[in-house]
Amino acid sequence: MIQSLFDQDTEVNDTTLNIIAHMPTTSLHTLVSDDFCTKLSDADFMRIAVLLAKKSYDEGGCPIGAVIVNNESNKIVGKGHNTLVQESHPYNHGETSAIRDAGRIDFSKTTLYTSLSPCDVCATLLYMRGFKRVVVGDVTNANGNESLLEEKGLQVDILEDQLGVRQYGEFRLQKPEQDLEDWQGIAALK
Ligand SMILES: [Zn+2]
């Protein structure tokens, strides 16, 4: 039997979580054993979203990432990051990227972890696609749709990741126009 590289004895740290962030979701089962998955906490999944955000920033993009996890198996079923710059994509945010990666699954059985508070479009998509739980990793740099999501019946948990909060704040200072374009389009820059 071929063993997974990450098993129950593997330490959960930024190195292992960063490898998971960079690995294609469909190949994760070759890297990660079932019992390694069960060791991962909400904060660990949020850190993976933040490391996806860092990956995007390193590519010249906006540092926002998201991860979708099956509530029963604790396995990652989708993940992604903003590709405004990388794909010249006006609305592929962290959340839409992760949802597209997950594909045609029942999102009510999953939790979505986003490194930044969702925009209006993503918040709408979350309730329209039946999500029941969202974990938000940064309400310092953006916020406002948490109450809308709660009104729509979702459980919203705030779990700020300080690395992610600092990372987004620095990006906004460095590239204010890119930040504004991501939220409101080129029209907002005039
Ligand atoms: Zn969005």
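Leu 125 touches Thr 96 and Ile 99, leaving aside residues up to four places away in sequence (contact here means heavy atoms within 4.5 Å). This is a predicted model, in which local features need pLDDT of at least 70 and side-chain atom pairs count only at pLDDT 80 or more, while totals for chains, interfaces and linings use all residues. Residues are numbered from 1 along each chain as its sequence is written, and side-chain values use heavy atoms, with hydrogens and water left out.

Leu 125 itself sits in helix α6 (helices are DSSP runs of H or I with at least four residues, strands are runs of E with at least two, and both are numbered from the N terminus). Leu 125 counts as partly exposed because its relative accessibility is 23%; buried means under 20% relative accessible area, exposed over 50%, and partly exposed in between, using a 1.4 Å probe and protein chains only. Leu 125 and Asp 101 are 24 residues apart along the chain, and their C-alpha atoms are separated by 15 Å.

Just after α5 comes Gly 103, with a positive phi of about 80°.

Next, the metal. The zinc ion has His 93 (ND1), Cys 119 (SG) and Cys 122 (SG) as its protein donors, lying 2.0 to 2.3 Å from it. Donors are N, O and S atoms within 2.8 Å of the metal (3.2 Å for Na, K and Ca), and since water is not among the atoms, sites may look incomplete. Along the sequence, the spacing of the donor residues reads H-x25-C-x2-C. His 93 lies in the loop between β2 (76–81) and α5 (94–102), and Cys 122 in helix α6 (residues 120–128), so this pair ties together parts that are 29 residues apart in sequence. Both His 93 and Cys 122 are buried.

Asn 74, in the loop between β1 and β2, has a positive phi near 60° even though it is a residue other than glycine. Asn 74 counts as buried because its relative accessibility is 19%. Ser 88, found in the loop between β2 and α5, is not a glycine either, yet has a positive phi of about 50°. Ser 88 is exposed, with a relative accessible area of 62%.

Elsewhere, helix α1 (residues 14–22) meets helix α4 (residues 42–58): their axes come within 9 Å and cross at roughly 65°. Axes are lines fitted to C-alpha atoms, for helices over the stretch in contact, and angles run from 0 to 180 degrees between N-to-C directions.

Finally, an unreviewed UniProt entry lists residues 40–157 as "domain: CMP/dCMP-type deaminase"; UniProt positions follow the numbering used here, feature names are shortened, and annotations may be inferred rather than shown by experiment. Over residues 40–157 the chain is 35% helix and 20% strand, with the end C-alpha atoms 17 Å apart.
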